[in-house]
Amino acid sequence: MRISVLGGYREVGGNKILVEDRDSRVMLDFGKSFGVWKRYFSVFVNPSKDSLKHYLIPGLLPKLKNVYRRDMGAVELGLWEGEERGLDGVLISHGHADHYEMLFALEPDIPIYCGELCLGIMKSTIKNKREFFNPGGREREFRTFRSGDLLDVGIKVRAVHVDHSIPGSYGFILETSEGCVVYSGDLRLHGTSPQLTRDFVEEARECEPEYLLLEGTRIGEEDGMGEDYVFDTCLNKTKGEEGLIVLNFNVRDVDRLGTFVKLAEELGRELVITEKWKGIVELYGRDEKLKRMIPTPDRHPFLIYGGEGENRIEADEIKRRPGRYMLAIDPYKLPILLDVEPEGGTFIDSQSEPFDEESELDHERLMNWVELFGFKYVHAHSHGHADGVELKEIVEGIRPKKLIPIHTESPELFKGLIGGDRLVLDRVIEVV
Ligand SMILES: [Zn+2]
Ligand SMILES: [Zn+2]
């Protein structure tokens, strides 16, 4: 059995972990490394979607045989030998791009396993839908699962829900010939549903794992502040505000969405979202469980900025009565403010997942917009990842024989949690 951390090694995100056992080869996540991306590319400097070389040379994709799309030049690059596929399947832990976005380069007949909600999130988020779902006119194969399902991907895998800043997040428990290998995905214990992570910890412990691949984004931090903190801070800072309230947050984070729906109710304001988030809000509204997390399921709590159709609102109306609205705006749409022309008001910055293209809009530029309209600036935010204290609880709960830190820039800091040779800092782990 061999575990290769091809992406997510000494970096936050870009997870691509290959587990090979006997004749089976399973990939855990296949995400985009924002670190590598930003080193060479930006919104305006892009690799060619048709050329595998454009991704292999900068290191956005690892060199692997018999997995990449032939219509992107995989054969010419010597990356295909014979016809047999080099992967039995890819398991996607959740719908953040640093865990799934590189899937578009894989041959579409390699099955992709993901949660049902995760597939819905990918469908409503991905920009290049054709390359992703129908490359070269061939439909990509997705197999969806629910928490507790036992999947046969060559290796037997159990998917178990975890709590993270996006719904439909999972960890995986792999039954290999050398014992159990556990993969955390991204998780936390301070969110609104910590029980999900606790269920995963319990299931993982029961298999007495040989290895735990654990995310360590915030291993060096201690601050388990949850959504209550975000709500209280925002309420305190906006009570009595008569101008417009602008929100900068990721609507895919259903906890945060729930927090701002609650805040809008408390302040007697209407929540306005941009077109980009319409699909996500509708997706969550159709989900029985998530509907309950957005506290007003019995009425449509959102207005959509511009465009045609129901529940729409124009700039002029917001301009006339800014005190009636809370405008959730994604950073690409900040120029909307030039139409709304707010005079003062409050700008709440509450981005929950920094590993996103949106973070390309740097803080300095954001602050320039805040200043341009004389907004009061409020930063209130609860992390999507477990802090050092929570990670300790997770490690002690799962009791792995060995721990492999991933999704972190500081794997050495895990020394404080697990002793001696039980901490594995290698990139490739061979077990014979
Ligand atoms: Zn991540
Ligand atoms: Zn994530």
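Helix 6 (residues 194-206) and helix 14 (residues 388-398) have axes that come within 8 Å and cross at roughly 35 degrees. Here axes are lines fitted to C-alpha atoms, for helices over the stretch in contact, with angles running from 0 to 180 degrees between N-to-C directions. Helices (H or I, at least four residues) and strands (E, at least two) are DSSP runs, numbered from the N terminus. Val201, Ala204 and Arg205 of helix 6 meet Ile394, Gly397 and Ile398 of helix 14, where a contact requires C-beta atoms, placed from the backbone, to lie within 7 Å. By class, this contact of helix 6 with helix 14 has four nonpolar, one polar and one charged residues. In this scheme Ala, Val, Leu, Ile, Met, Phe, Trp, Tyr, Cys and Pro count as nonpolar, Asp, Glu, Lys and Arg as charged, and the others, Gly among them, as polar.

The model is predicted, and local features need pLDDT of at least 70, side-chain atom pairs count only at pLDDT 80 or more, and totals for chains, interfaces and linings use all residues. Residues are numbered from 1 along each chain as its sequence is written, while chains are lettered from A and ligands numbered from 1 in the order in which they are written.

At the level of the whole fold, the protein chain has 14 helices and 20 strands. The radius of gyration of the protein chain is 22 Å, close to the 22 Å that the globule rule gives for 432 residues, so the chain is as compact as a globular protein of that length. That radius is taken over C-alpha atoms, and the globule rule is 2.2 Å times the number of residues to the power 0.38. The C-alpha trace spans about 70 × 45 × 40 Å along its principal axes. Of the 432 residues in the protein chain, 46% are buried. A residue is buried if 20 or more other C-beta atoms lie within 10 Å of its own, exposed if 12 or fewer, and partly exposed in between, with C-beta atoms placed from the backbone. Among contacts between residues at least 6 apart in sequence, 71% join residues at least 24 apart.

Seven strands form an open sheet in the order 15-14-13-16-12-17-18, with parallel pairing. Strand 15 (312-313) and strand 18 (376-379) are the edge strands, each pairing on one side only. Two strands are taken to pair if DSSP finds at least two bridges between them. Within this sheet, strand 13 is joined to strand 16 (residues 325-328) by three bridges, and the two run parallel.

Helix 9 (residues 278-286) has Ile280, Val281 and Tyr284 buried. These residues cover an arc of only 95 degrees around the axis, which puts them on the same side of helix 9; the arc is that of the directions from the helix axis to the C-beta atoms. The buried residues of helix 9 pack against helix 4 (116-125), helix 8 (254-267), strand 13 (270-273), helix 10 (288-293) and strand 14 (302-305). In helix 10 sits Leu290, which is partly exposed, with 18 other C-beta atoms within 10 Å. Leu290 touches Pro167, Val254 and Tyr284, leaving aside residues up to four places away in sequence.

Some loop residues also deserve a look. Most residues other than glycine have a negative phi. Asp29, in the loop between strand 3 (24-28) and helix 1 (34-40), has a positive phi of about 65 degrees although it is not a glycine. Asp29 is buried, with 29 other C-beta atoms within 10 Å. A positive phi, near 60 degrees, is also found at Asn66, in the loop between helix 2 and strand 4. Asn66 counts as partly exposed, with 17 C-beta neighbours inside 10 Å. Ala74 is found in the loop between helix 2 (53-56) and strand 4 (89-91), and counts as buried with 21 C-beta neighbours inside 10 Å. Not counting residues up to four places away in sequence, Ala74 touches Leu52, Tyr68, Arg69, Leu79 and Trp80.

How values were computed. Two residues are in contact if their C-beta atoms, placed from the backbone, lie within 7 Å.
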